Amino acid sequence: MASRHSTAEPADLATLLARVGLGDRAAFGTLYRATSAHLFGVVLRINPDRGQAEDVLQEIYVNVWRSAGGFDAARAQPMTWLTSIARNGAIDSLRRAKARVRTVSTHLVSEEEGDEADLAEQVPSDEAGPLELLQRAAERRDVAHCVGQLSAEQQQCVALAYYQGLSHSEVADHLAQPLGTVKSWLRRALLALKDCLARAAAQAGGR
Amino acid sequence: MDYGRRVLADRLAAEYVLGTLRGPARRRFEALLAAHPVLRDAVAQWQQRLQPLAAGIEPVEPPPRAWQRIESSLFPSAPEPASEPWWRRLGVWRVFSGLATAAVVALLVVGQQTQPPQAPIVVVLGANPEVAQQVQARFVASLSADGRALVLRPIDAPPLTAQQALELWAVPPTGAPRSLGLVKADAATTLLHTQLLKDTAAFAVSVEPAGGSPTGAPTGPIVSLGKLQI
């Protein structure tokens, strides 16, 4: 496994997936080298247990090998398709890990509330917290404006759910807010994102 | 779907993709996805919307053993010289293919010697389980016993764009599939061929660009397949 990092163009990945769909093992190896570090990063955010994350990674690529024949480049971007498989696998692994005692990384909460021991165990200190990740994602022009329009609470909820795979009730516990409040923040945040992205796409298309 | 249900479908799709839809509700939603194109479209749109959020996540190099485990779980035997193509992965007829070939040969020999009237051979092509979540395509192929004529009738044809066509393949027990030509999605197609049964273990239908596969091998998803049982 030599050259790394997902610098592959979407068109290259689509070609690779098509070849994987036909059972091309060399293409499968190339696809793995181009995408596994990214997907492993996604999985580790949601399930920080390295052993479990490796199991999930294995499931992801077995799944990719078996279902690549059904990948339709006209319907989905390759990286979107792969990331969705990875996030689903990671979220499902949380359900299986019954004995999980999982306190959440606490970059979002006030410092004094943070549980440093748990934090250190899970997230290396130089790693970005979920909200920072969201802000980093928002550096992309197409989403910056839309993420920026969300309230601080909405941003926290979206970041915790997306990056760490927290459920509604886990987000509520984490933010010490009633479940109903968190559900409605998230619901409104998703609707606001959808509307804003649709407007942005319409404007881009109209230009 | 009325407005209220459409709104609910979109909300559930959003929560599914974000990940907050959990437990039995997540399982129920996944079961519904298989049967509801509207839900699948909503999920695909949400995946596309939220994908930019993944951009900021730092890549983490998995250890080399991760790849070794993937390889050994998918390809347990000694590494094959060439890549293992899809038609061998299908596996369902691997056990039968030798038998089927033997039976076909026997049939041909008997047919040539005694020339009794032979009943046509019917092959049901079911939806390919690997893509059944996206496409449910089913066909019935009726072959003359001498293997010279085939009529393919669609039962459930997949939706096609103007740039797509369906191509029928004869899949041998080993080696690459042979194209039998393009077939119609909305009506029966009759194919005349000298040797439809020779060295054929199964038939498969793939979605190809209009005009057929540019490479001579299936390039699009295999949507339907059926084993030849004689």
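The model is predicted: local features need pLDDT of at least 70, side-chain atom pairs count only at pLDDT 80 or more, and totals for chains, interfaces and linings use all residues. Residues are numbered from 1 along each chain as its sequence is written, while chains are lettered from A and ligands numbered from 1 in the order in which they are written.

Chain A contains 10 helices and 0 strands, where helices (H or I, at least four residues) and strands (E, at least two) are DSSP runs numbered from the N terminus. Its pattern along the sequence is α-α-α-α-α-α-α-α-α-α. Of the 207 residues in chain A, 43% are buried; a residue is buried if 20 or more other C-beta atoms lie within 10 Å of its own, exposed if 12 or fewer, and partly exposed in between, with C-beta atoms placed from the backbone. Among the contacts in chain A with a separation of 6 or more, 62% are between residues 24 or more positions apart. Two residues are in contact if their C-beta atoms, placed from the backbone, lie within 7 Å.

Ala144(A) is part of helix α7 (residues 141–148) of chain A. Ala144(A) is partly exposed because 15 other C-beta atoms lie within 10 Å. When residues up to four places away in sequence are not counted, Ala144(A) touches Ala138(A) and Glu139(A). A distance of 9.5 Å separates the C-alpha atoms of Ala144(A) and Leu134(A), which are 10 residues apart along the chain.

The contact between the chains takes 58 residues from chain A and 43 residues from chain B. Elements giving two or more residues to the side of chain A that touches chain B include α1 (10–21), α2 (25–46), α7 and α10 (179–206) of chain A. The largest share of this side, 11 residues, comes from α2(A). The residues on this side of chain A comprise 25 nonpolar, 18 polar and 15 charged. Ala, Val, Leu, Ile, Met, Phe, Trp, Tyr, Cys and Pro count as nonpolar, Asp, Glu, Lys and Arg as charged, and the others, Gly among them, as polar.

In chain B, 8 strands form an open sheet with antiparallel pairing, in the order β5-β4-β7-β8-β1-β2-β3-β6. Two strands pair if DSSP finds at least two bridges between them. At the edges stand β5 (178–183) and β6 (189–192) of chain B, each with a single partner strand, so one side of each is left without a neighbour in the sheet. Within the sheet, strand β4 (residues 164–171) and strand β7 (residues 202–209) of chain B run antiparallel and are joined by 8 bridges. Trp169(B) has Ala204(B) in β7(B) as its bridge partner.
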